[in-house]
Amino acid sequence: MNILVTGGAGFIGANFVYFQLKNHPEDRIVCLDKLTYAGNLETLNEAMKHQNFRFVKGDIADRECVFNLFKEENFDIVVNFAAESHVDRSVENPEIFLLTNILGTQTLMDACRFYSIKRYHQVSTDEVYGDLPLDRPDLFFTEDTPIHTSSPYSASKASADLLVLAYARTFKLPVSITRCSNNYGPYHFPEKLIPLMISRALANESLPVYGKGENIRDWLYVEDHCSAIDLVMRKGREGEIYNVGGHNERTNLQVVKTILEILGKPETLINYVTDRPGHDMRYAIDPTKIHSELGWLPETTFDEGIKRTVEWYLNNKQWWQNILNGDYKEYYNKMYSNR
Ligand code: NAD
Ligand code: TYD
């Protein structure tokens, strides 16, 4: 099988590349990535040594680049991870989110139609469902929960999902969609909550918690997300949406305190800062469908996964310090200096 993985130099895409090379070494993986601020070729160093892996630098919204690659490679499956993925950046500047997340998805699907690809898989997010109230712990997102977005990021992801379903119905494109909760694990860019808190706590720097830190996220270890996508793209039903999550709900404050405890750092590092505008309160996934149809279950609990993640950041300081020493420094100062 020849598989195109877009956005494979980012957090989840790179973990997925390694998951495929390990579990399906007979398949060929081609990674198409624009190498934005979030893409890091260093992450793919080990993959580059594999004879069944090829990296191509390019934009999923660049029609000529995409069509040329499809012509050359004759893909069987396309998995689209490529996206602008950070809510805070989408509040600052929504436009690139629309270009990459919506028009990029359309360009890829046009190529899939033209070259009669067997499966187009869209990696989506639970954020398309909006949020749940904190006082209703009995509520969960199912695949039938209406789309109700809050941020330019989630609106762009929801738009892409709607386009994917439209291409399935109108053009009979063989598609599938997974909507996953928050991921964490190795290669997570240090602008997101967990790696940001680990890297800053290690440097004894203040930890910016938005609002009261009471917002809830449903955390999934990244390898469990990779196994879910792998199952759905190979065995999931065409035209279907599958929610992915492992019932690991934690408030942001719980997450930050757990990291401090593992690192042996004091809670006095916590700094409550102005809340994110439009901040979603709670995400929580009902994963019944993917479990009952495909037998998927997560393997890593939050307590185990967070220890493993902190350990990874301790053992791979060079990886994230290279990022912190670059342009990202400017971004952090801009976003947090007056907060
Ligand atoms: P990321 O920001 O770490 O990586 C995104 C990758 O896409 C980067 O390598 C970047 O260079 C590349 N990219 C961006 N624009 C591109 C373009 N126009 N053309 C080609 N490549 C481009 O993101 P992530 O956290 O790994 O998320 C991957 C996907 O999973 C996204 O679609 C995101 O919406 C979805 N998702 C993420 C989470 C999460 O918790 N991180 C949860 C659910 C779903
Ligand atoms: P984030 O990792 O940006 O993921 P998402 O917004 O897609 O869920 O944020 C996770 C949670 O952590 C979210 O409720 C916002 C909060 N947060 C902070 O409190 N401080 C921070 O510096 C960041 C980046 C996030």
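Analyst: Happy to. Two cavities of 30 Å³ or more are counted in this predicted model. A cavity here is a set of points, on a 1 Å grid over the protein atoms alone, where a 1.4 Å probe fits but cannot get out. Grid points are joined across faces, edges and corners, and a volume is the space filled by probe spheres set on the points. The second largest cavity holds about 40 Å³ of space. Its lining residues, which have an atom within 4 Å of a point, are A9, G10, F11, A38, N40, T43, Y187, F189, W319 and I323. By class, that makes seven nonpolar, three polar and no charged residues. Ala, Val, Leu, Ile, Met, Phe, Trp, Tyr, Cys and Pro count as nonpolar, Asp, Glu, Lys and Arg as charged, and the others, Gly among them, as polar.

Now to the pockets, meaning open sets of points with protein on both sides within 12 Å along at least five of seven lines. The largest pocket has about 370 Å³ of space. Its lining has 17 residues, and F19, K22, N23, E223 and C226 are the closest to its centre. Two elements, α1 (11–23) and α8 (222–235), each give two or more residues to this lining; helices (H or I, at least four residues) and strands (E, at least two) are DSSP runs numbered from the N terminus. The lining of the largest pocket divides into eight nonpolar, four polar and five charged residues.

Next, ligand 2. With L193, a backbone N or O atom lies 2.9 Å from an oxygen of the ligand. Of the 510 Å² of accessible area that ligand 2 has on its own, the protein covers 97% (Shrake-Rupley method, 1.4 Å probe).

A note on conventions: residues are numbered from 1 along each chain as written, while chains are lettered from A and ligands numbered from 1 in written order. Local features need pLDDT of at least 70 and side-chain atom pairs 80 or more, totals for chains, interfaces and linings use all residues, and side-chain values use heavy atoms, leaving out hydrogens and water.

Key
Polar contact = N/O pair within 3.5 Å; in protein donor to acceptor, adjacent residues only side chain to side chain.
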